[in-house]
Amino acid sequence: MIEVGIVMGSNSDWEVMQNAACVLKDFGVAFETRVVSAHRTPDLLFDYAATAEARGLKAIIAGAGGAAHLPGMLAAKTHIPVLGVPVPSRYLRGEDSLLSIVQMPKGVPVATFAIGEAGAANAALYAVAMLATTRPELADKLKAFRQKQQDTVLAMTLPEVE
Ligand code: RP5
């Protein structure tokens, strides 16, 4: 059963959003990917959000660039947690996307992540962490992932200064 939806405003967002898909794949979490545009396919957006809970989704990772309404509008139409990823934009480098997603008025939250690849990967890790609260095997995978990162940093060396 699909547990996480990854949606984005355009296929041009895929380069960034594929980082979320890769993380979920690595953790063995079933997900789907869709292009859903807030301003170009508003009816599809409403339908996706309205049916998400009945389809068994536990979280929606939504990435968009520019005046990024997608995460906020999805959150307005579903109670499922929406994790927003600001996609870098052509002219403002994603600062517009970030502010559009993070500045939700009180009452309808969107969990907002960093601009770009790190944000997409972290949104997926956050979704895994949410699912792991009731899935011990996922929690074990998450702990192993953190341990591996820790070991990598502990093994880092720096060049000698001459
Ligand atoms: C947004 O406009 C999308 O999320 C994308 O980041 C941006 C540009 O879309 P395209 O013109 O590449 O389709 O809706």
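Predicted model: local features only at pLDDT ≥ 70, side-chain atom pairs only at ≥ 80, totals over all residues.
## Domain

An unreviewed UniProt entry carries the annotation "domain: PurE" for residues 2–153. Over that range the chain is 49% helix and 16% strand. The end C-alpha atoms of the range lie 34 Å apart.

## Nonpolar core

The largest nonpolar core has 44 residues. Ala-20, Ile-61, Leu-70 and Ala-124 have the most contacts inside this core. Two or more residues come from each of several elements: strands S1 (4–8), S3 and S4 (82–87), and helices H1 (14–27), H2 (42–52), H3 (70–77), H4 (95–102) and H5 (117–132). H5 gives the most, with six residues.

Ile-61 shows how such contacts are made up. Beyond its neighbours within four places in sequence, Ile-61 is in contact with Val-4, Ile-6, Ala-20, Leu-83, Val-85, Ala-123, Ala-124 and Ala-127.

## Ligand shell

Met-8, Gly-9, Ser-10, Ser-12, Asp-13, Ser-37, Ala-64, Gly-65, Gly-66 and Val-87 surround the ligand. By class, the shell holds three nonpolar residues, six polar and one charged.

## Gly-65

Gly-65 belongs to strand S3 (residues 59–65). Gly-65 counts as buried because 27 other C-beta atoms lie within 10 Å, and the cut-off is 20 or more.

Setting aside neighbours within four places in sequence, Gly-65 is in contact with Gly-9, Asp-13, Val-87, Pro-88, Ser-89, Gly-94 and Ser-97. Gly-9, Asp-13 and Val-87 also belong to the ligand shell. Phe-27 sits 38 residues from Gly-65 along the chain, and their C-alpha atoms are separated by 27 Å.

How values were computed. Residues numbered from 1 in each chain as written. Helix = DSSP H or I, 4+ residues; strand = E, 2+ residues; numbered from the N terminus. Buried ≥ 20, exposed ≤ 12 C-beta atoms within 10 Å, placed from the backbone. Contact = placed C-beta atoms within 7 Å. Near = placed C-beta within 6 Å. Nonpolar A, V, L, I, M, F, W, Y, C, P; charged D, E, K, R; others polar. UniProt positions renumbered as here; feature names shortened; annotations may be inferred. Core = buried A, V, L, I, M, F, W, Y, C linked by C-beta atoms within 7 Å.
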